[in-house]
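Trainee: I am new to this structure and would like to learn how to read its aromatic rings and its core. Where do we start?

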Amino acid sequence: MSEVSIETLTYEQVAKTIDHSLLRPELTTQEVATGCDLARRYHTASVCVKPCDVPLAARLLAGSDVAVGTVVGFPHGSSATAVKVFEARLAIEQGAVELDMVLNIGWLRSGHDDDVLEDIRAVVVATEGRALVKVILENAYLSDAEKERASRLVEAAGAHFVKTSTGFAPSGATIPDLILMRRSVSPRVQVKAAGGVRTLDALIDVLRVGVTRVGATATAAILDEFCRRKGLPVIGEGAPAPITPGGY
């Protein structure tokens with residue numbers, strides 16, 4: 001994807017790579033509502049909210065083009081599989097259509113690949129046809145061999161995305177990790193970068209290596225900067241997002 005650049009991308013294509021993250025534990029209900037409003041104004045792909053905020057986000061974003069996402073087994077991945085399945089099903093019942101689940105990091109590092117596979121597969125099967133499942137590896141704690149193995153397990157389990165990190169570990173997305181993850185799975189599985197993508201240039205860099213979704217908190221700054229560089233009206237200055245009706 002080396003041809004990806006600001007010049008070749010449309011606003012819609014960039015906005016629809018962003019999952020606007022609202023996962024900080026201290027966020028108030030009003031701050032979550034404000035974040036959902038921002039996602040609606042900027043036409044992001046989704047919001048990713050805490051499980052307790054799914055009903056609020058689903059209500060506020062009803063009728064919009066912004067999907068509601070949430071997390072499962074977050075942030076450590078150590079919940080029992082049955083708990084992850086329950087959490088995923090409840091989230092869907094309350095309006096979520098995208099789920100970012102954390103794999104069991106300790107099991108992976110222990111070499112318990114069958115258990116890791118079944119943990120992911122249980123969530124995939126429980127939500128099949130109702131939600132996208134993105135699996136967080138939490139690369140900060142893994143060797144390159146473990147990242148590659150985890151990526152392959154994610155695909156074998158039937159999940160839709162492999163994702164770098166929660167954003168709460170010592171480090172987040174890196175270009176070498178994203179390249180490794182992209183080459184470890186088939187084109188059926190997409191790659192999401194999370195943790196540290198805070199600028200437009202950083203977002204373009206990860207798109208160039210095959211990323212299709214990015215978790216971001218600096219959404220407005222990224223998309224306003226895109227508008228400025230493209231000579232488009234800036235949304236943060238009161239302009240509507242340049243979205244083609246019925247388009248992307």
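This is a predicted model: local features need pLDDT of at least 70, side-chain atom pairs count only at pLDDT 80 or more; totals for chains, interfaces and linings use all residues.

Mentor: Phe168 has a relative accessible area of 43%, so Phe168 is partly exposed. The cut-offs are under 20% for buried and over 50% for exposed. Phe74, at 23% relative accessibility, also counts as partly exposed.

Trainee: How many aromatic pairs are there?

Mentor: The count comes to two aromatic pairs. In one of them, Tyr11 and Phe226 are tilted, with 6.4 Å centre to centre and 55 degrees between the planes. Tyr11 belongs to helix H1 (residues 11-15) and Phe226 to helix H10 (residues 219-230), so this pair ties together parts 215 residues apart in sequence.

Trainee: Are Tyr11 and Phe226 buried or exposed?

Mentor: Both are buried. As for Phe74 and Phe168, their ring centres are 5.7 Å apart and their planes stand at 85 degrees, so that pair is edge-to-face. Phe74 sits in the loop between strand E3 (67-72) and helix H4 (81-93), and Phe168 in the loop between strand E6 (161-163) and helix H8 (175-184), so the pair ties together parts that are 94 residues apart in sequence.

Trainee: Which residues have the most contacts inside the largest nonpolar core?

Mentor: The general idea is that, in soluble globular proteins, nonpolar side chains tend to be buried together. Here the largest nonpolar core has 75 residues, and those with the most contacts inside it are Tyr11, Val47, Leu103, Ile120 and Leu203. Helix H6 (residues 113-126) gives the most to this core, with six residues.

Technical notes:
Residues are numbered from 1 along each chain as its sequence is written. Side-chain values use heavy atoms; hydrogens and water are left out. Rings of Phe, Tyr and Trp (its six-membered ring) pair if their centres lie within 6.5 Å; planes under 30 degrees apart count as stacked, over 60 as edge-to-face and the rest as tilted. Helices (H or I, at least four residues) and strands (E, at least two) are DSSP runs, numbered from the N terminus. Buried means under 20% relative accessible area, exposed over 50%, partly exposed in between (1.4 Å probe, protein chains only). A nonpolar core is a set of buried Ala, Val, Leu, Ile, Met, Phe, Trp, Tyr and Cys residues joined through side-chain atoms within 4.5 Å.
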